[in-house]
Amino acid sequence: MPKSCTSPLLCSQVDLTRTFTFRNSKQTYTGIPIIVANMDTVGTFEMAVVMAKHAMFTAIHKHYSLEEWKLFAANHPECLEHVAASSGSGKADLDKLTSILEAIPPIRYICLDVANGYSEHFVEFVKSVRALFPHHTIMAGNVVTGEMVEELILSGADIIKVGSVCTTRIKTGVGYPQLSAVIECADSAHGLKGHIISDGGCSCPGDVAKAFGAGADFVMLGGMFAGHDQCAGEIMEKNGKKVKLFYGMSSDTAMKKHAGGVAEYRASEGRTVEVPYRGDVELTILDILGGLRSTCTYVGAAKLKELSRRTTFIRVTQQHSQVFS
């Protein structure tokens, strides 16, 4: 709910830039803390070029080759401070990550991404990556509870990815409501001088604002950046309308593309959807940033940093009118 402010605040006056110094890497980051998800439909080099112009961040998907990384680095060196190289937790993943980081020293961010961060193997993997790259900033997840956030931070991660909003909760019954997870995990991380990413669940700029209001340091978006020119995949026509495919990295589509299919002993835990073709991502970026600035004016926050101290959450059964909006 908005809290009254003593003087009108204009959207143009709101500062969305944040500066963070990370607990383990000791690196300092300055930028608008919105991250494109490391899904191979949206976490592309083309997306990173546009995002970097706005001082926003892209977690590049893990399926680019070393040669493709080198070409990107040579052509767009200005983007390297706003990208992370992604990796799973297997030996082949680590070998590839190591080759990329050794070949391109300006990359200072690592995104370690698994569907289930609750394993001893993943904790040990985070420790091993920290030992190999003591001065890189490590994002790691996904988890949804404060205890595991603390465990990963103490194991060497700097920023913990928080979220379980794919189809995992439907297919497995395991998960945690996103807003509640962010509130709990932010508190745990900040107590250790760590940081969190609210990963997923946003479908409009207002959701992004709520994630920041709940205490997230960064917000990671996949679906909101899908369907644009900068996304991977061909434009298709369906019923006279242009669409592009968008899919999660645990989906049947991604598994078939990168792993030969979903293993028979497990279920697909990600969606594959056809999203409307939306043109250049620039307009979507401006819509998100404009909505976020407007949020800050409503609650009297001159800076994004102040937003979590200016917000109160109440339970509702319906967010907005379905008839007149």
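In what follows, Ala, Val, Leu, Ile, Met, Phe, Trp, Tyr, Cys and Pro count as nonpolar, Asp, Glu, Lys and Arg as charged, and the others, Gly among them, as polar. The model is predicted, so local features need pLDDT of at least 70 and side-chain atom pairs pLDDT 80 or more, while totals for chains, interfaces and linings use all residues. Residues are numbered from 1 along each chain as its sequence is written, and side-chain values use heavy atoms, without hydrogens and water.

H8 gives the largest share of the lining, 6 residues. The lining divides by class as follows.

| Class | Lining residues |
|---|---|
| Nonpolar | 15 residues |
| Polar | 11 residues |

Helix H5 (a DSSP run of H or I, at least four residues) spans residues 146–154. Its buried residues (under 20% relative accessible area, 1.4 Å probe, protein chains only) are Gly 146, Met 148, Val 149, Leu 152 and Ile 153. These lie on the same side of H5 because they cover an arc of only 165° around the axis, taken from the directions to the C-beta atoms. Glu 147 and Leu 154, on the face turned away, are exposed (over 50%). Just after H5, Gly 156 has a positive phi of about 125°.

Notes. Helix = DSSP H or I, 4+ residues; strand = E, 2+ residues; numbered from the N terminus.
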